[in-house]
Amino acid sequence: MTSCHSAGLPVAVELHNDELPLSFLSRVAKANGFQSLVEFCDIVGLDKLKVRSGNERTLSKLAVWTGVPVSRLARFAIGPGRMLNFGGQALRRHQMYTMGMRFCPACVADDLCKGTRRSGVRPYLRASHILKVVVDCPTHGVPLQYRPDEIEFGDDLVGNKPAIVETSELRLVRIPHPANAYFASRIGGQPGSEFLDMIPAYLALELCEVLGELDRVARSASLSKETPFSKESENQIFRGFDIAKIGLPAISIFLSNHVQTAIHQGRSLRFVYSPVWQWLKNEGENPAYSALFSFFRDHAQANVPISRGQAFFGA
Ligand SMILES: [Zn+2]
């Protein structure tokens with residue numbers, strides 16, 4: 001074990017641009033000869049949960065010890081509250097895996113092939129992988145794996161190296177849906193959709209989800225009763241993304257087709273916009289939603305015949 005000096009740790013570790021802070025802390029501990037992340041935190045008096053949450057005082061200590069600025073350490077911290085600033089993107093907590101480890105086995109296998117440090121120092125956790133919508137690794141096309149525990153990331157994975165390598169040999173078993181790449185790249189600050197880039201990331205995800213739900217409802221055999229808005233599936237987001245990525249004109253055409261199909265089939269129009277209304281009805285006070293609220297309300301009023309004075313879509 002290496003002793004720790006207040007001015008800095010003996011062995012410097014490079015923070016990857018897309019690395020989670022707890023992953024970095026784990027690698028720093030291993031690189032400096034500590035047996036475990038827990039041992040390191042106990043000896044130096046650091047709370048790993050405060051590293052993950054981006055506590056300023058805790059990250060300031062870590063910055064002095066590692067030479068990495070607080071701003072970089074905090075970039076992918078998972079702070080308190082339901083709304084998070086993650087890599088400069090606004091996301092809701094439930095849209096991410098905020099606990100445990102989510103990783104691509106092929107990325108881990110690649111990491112293990114790089115560098116000369118001990119194996120426990122090389123693999124790292126990518127920030128984009130903790131978004132729930134990113135189900136496949138955008139680089140390798142391999143389904144991401146999740147573990148609820150987060151002990152000793154590097155050594156824990158290295159201990160399962162045969163399984164990691166075996167899984168990584170299944171690279172590109174499927175082509176990731178473009179939504180994978182879009183939201184993963186957005187976490188890294190890369191633009192990908194002229195329309196979706198203009199709205200907050202959490203709102204872009206919700207819009208994709210609700211359009212996917214509308215698509216599901218449109219395809220369902222019966223609209224005789226109100227269909228609950230389900231939020232369970234990333235596939236739903238993927239279907240919605242294919243529409244939303246193009247922008248409002250494409251969404252308008254999709255909605256109009258949805259209405260015409262319902263009219264042709266003699267279905268009740270009241271339920272056509274139901275998923276949208278269920279989504280927006282509690283967000284009326286949130287200015288981030290106002291433009292989309294107006295868009296959907298205007299479309300509903302222009303396409304669904306209603307009696308004078310009849311309330312529809314909250315109008
Ligand atoms: Zn990968």
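Which residues are buried in helix α11 (residues 234–244)? They are Gln236, Ile237, Arg239, Gly240, Phe241 and Ala244. A residue is called buried if 20 or more other C-beta atoms lie within 10 Å of its own, exposed if 12 or fewer do, and partly exposed in between, with C-beta atoms placed from the backbone. Helices are DSSP runs of H or I with at least four residues, strands are runs of E with at least two, and both are numbered from the N terminus.

The model is predicted, so local features need pLDDT of at least 70 and side-chain atom pairs count only at pLDDT 80 or more, while totals for chains, interfaces and linings use all residues. Residues are numbered from 1 along each chain as its sequence is written.

The protein chain contains 14 helices and 4 strands. Of its 315 residues, 36% are buried. Two residues are in contact if their C-beta atoms, placed from the backbone, lie within 7 Å. Among contacts in the protein chain with a separation of 6 or more, 69% join residues 24 or more positions apart.

Start with the segment before α1, where Gly8 lies. Gly8 counts as exposed because it has 12 C-beta neighbours inside 10 Å.

Helix α1 itself (residues 21–31) is mostly covered, with 11 of its 11 residues buried. Among them are Pro21, Leu25, Arg27 and Lys30. Just after α1, Gly33 takes a positive phi of about 85°.

His94 sits in the loop between β2 (89–92) and β3 (101–103). His94 is exposed because 10 other C-beta atoms lie within 10 Å. The C-alpha atoms of His94 and Met83 are separated by 9.0 Å, and these residues are 11 apart along the chain.

Next comes the interior. A nonpolar core is a set of buried Ala, Val, Leu, Ile, Met, Phe, Trp, Tyr and Cys residues joined through C-beta atoms within 7 Å. The largest nonpolar core has 75 residues, and those with the most contacts inside it are Leu25, Cys104, Leu131, Phe183, Leu207, Cys208 and Val276. Helix α10 gives the most to this core, with 11 residues. Domain 1 (21–168) and domain 2 (196–303) both give residues to the core, so it lies between them; the domain bounds come from an automatic or database domain assignment. Val276 touches Val210, Leu214 and Phe296, not counting residues up to four places away in sequence.

Return now to α11. Its buried residues pack against α9 (178–187), α10 (201–219) and α12. Helix α12 (residues 248–264) includes Ala262, which is partly exposed because it has 19 C-beta neighbours inside 10 Å. Ala262 and Ala218 are 44 residues apart in sequence, and their C-alpha atoms are 7.8 Å apart in space.

Two packed helices are described by the angle between their axes and the distance between the axes. The axes of α12 and helix α14 (residues 290–303) come within 11 Å and cross at roughly 35°. Axes are lines fitted to C-alpha atoms, for helices over the stretch in contact, and angles run from 0 to 180 degrees between N-to-C directions. The contact is made by Leu248, Ser252, Leu255, Ser256 and Val259 of α12 and by Phe295, His299 and Asn303 of α14.
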